[in-house]
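This report describes the packing of selected helices and the surroundings of selected strand residues. The sequence and structure are shown first.

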Amino acid sequence: MAVSSGEGKTAGQEDPGRRENARQRAGEQGLLFDEQPTALPADIGYRGPTACAAAGITYRQLDYWARTGLVEPGIRAAQGSGSQRLYSFRDILVLKVVKRLLDTGVSLQQIRTAVQHLRDRGVNDLAQITLMSDGVSVYECTSADEVIDLLQGGQGVFGIALGRVWREVEGSLAELPGERAEAAPGLDEHPNDELARRRKARRTG
């Protein structure tokens with residue numbers, strides 16, 4: 001299984017020094033992320049170019065992943081000429097995770113399995129997960145101990161704290177246009193993106 005629990009991956013005698021070194025590495029990589037993310041409006045969607053900008057991918061990648069079912073728009077699929085895909089915040093979070101996994105050499109097949117696993121999770125659950133990988137398999141960690149165990153055991157060559165990615169995507173989308181999910185496909189982006197308005201209020205308040 002490409003995505004499995006990080007628990008129980010190490011074996012043998014516990015080495016306190018090695019464990020402390022693994023804890024330091026996890027901290028340096030920002031993998032012990034335990035903040036509660038901001039609740040997001042469920043009725044705001046983002047068009048393809050906005051999703052690309054926030055996730056750091058090309059439109060060609062976005063289009064290919066949508067057509068092959070890797071990451072499909074959760075709010076509105078493109079239907080006929082002139083219609084626009086509309087991606088949710090969760091979709092963009094997953095797009096950014098896929099990009100990072102690809103950049104570190106994980107195979108597309110393994111990523112597909114990981115994405116399917118993440119799809120089964122609720123949005124809030126995603127923020128509590130750290131994905132670890134040795135470049136071949138992807139492991140799911142839901143606690144700091146699991147992250148440290150993988151680093152200590154050698155399976156965790158790199159990791160992605162989804163809570164941290166959540167913050168990055170939230171920050172990017174604060175400056176980008178969104179639109180109401182119920183808006184007709186031909187309408188322009190909603191001028192008063194609720195997420196951006198709340199972020200601005202937080203900065204000025």
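## Helix 4 against helix 8

Helix 4 and helix 8 cross in a right-handed sense. The model, which is predicted, places the axes of helix 4 and helix 8 (residues 162-173) 10 Å apart, at an angle of about 115°.

On the side of helix 4, the contact involves Phe89, Ile92, Leu93, Lys96, Val97 and Arg100. These residues meet Leu162, Val165, Trp166, Glu168, Val169, Glu170 and Leu173 of helix 8. Sorted by class, the contact of helix 4 with helix 8 comprises nine nonpolar and four charged residues, with no polar residue.

## Helix 4 against helix 5

Helix 4 (residues 89-103) also packs with helix 5 (residues 108-119); here the angle is about 155° and the axes are 11 Å apart. An angle over 145 degrees counts as roughly antiparallel, and helix 4 and helix 5 are therefore roughly antiparallel to each other. The crossing of this pair, helix 4 and helix 5, is right-handed.

Helix 4 contributes Arg90, Val94, Val98, Leu101 and Leu102 to this contact, while helix 5 contributes Leu108, Ile111, Val115, Leu118 and Arg119. In the contact of helix 4 with helix 5, eight residues are nonpolar, two are charged and none is polar.

## Buried strand residues

Which strand holds Ser133? Ser133 belongs to strand 4, which spans residues 130-133. Its relative accessible area is 1%; buried means under 20%, so Ser133 is buried. A polar atom of the Ser133 side chain lies 2.7 Å from the backbone oxygen of Ser137.

Ile44 is part of strand 2 (residues 44-47). With a relative accessible area of 2%, Ile44 is likewise buried. The C-alpha atom of Ile44 is separated by 9.0 Å from that of Leu86, a residue 42 positions away along the chain.

## The chain as a whole

How many helices and strands does the protein chain have? The protein chain contains nine helices and seven strands. Of its 205 residues, 45% are buried.

Contacts in the protein chain can also be grouped by separation along the sequence. Among contacts with a separation of 6 or more, 71% are between residues 24 or more positions apart.

Technical notes. Residues are numbered from 1 along each chain as its sequence is written. This is a predicted model: local features need pLDDT of at least 70, side-chain atom pairs count only at pLDDT 80 or more; totals for chains, interfaces and linings use all residues. Side-chain values use heavy atoms; hydrogens and water are left out. Axes are lines fitted to C-alpha atoms, for helices over the stretch in contact, and angles run from 0 to 180 degrees between N-to-C directions. Helices (H or I, at least four residues) and strands (E, at least two) are DSSP runs, numbered from the N terminus. Angles under 35 degrees count as roughly parallel, over 145 as roughly antiparallel, 65 to 115 as roughly perpendicular and the rest as oblique. A crossing is left-handed if the near helix is turned anticlockwise from the far one by less than a right angle, and right-handed if clockwise. Contact means heavy atoms within 4.5 Å. Ala, Val, Leu, Ile, Met, Phe, Trp, Tyr, Cys and Pro count as nonpolar, Asp, Glu, Lys and Arg as charged, and the others, Gly among them, as polar. Buried means under 20% relative accessible area, exposed over 50%, partly exposed in between (1.4 Å probe, protein chains only). A polar contact is a pair of N or O atoms within 3.5 Å; within protein, one must be able to donate a hydrogen and the other to accept it, and residues adjacent in sequence count only if both atoms are side-chain atoms.
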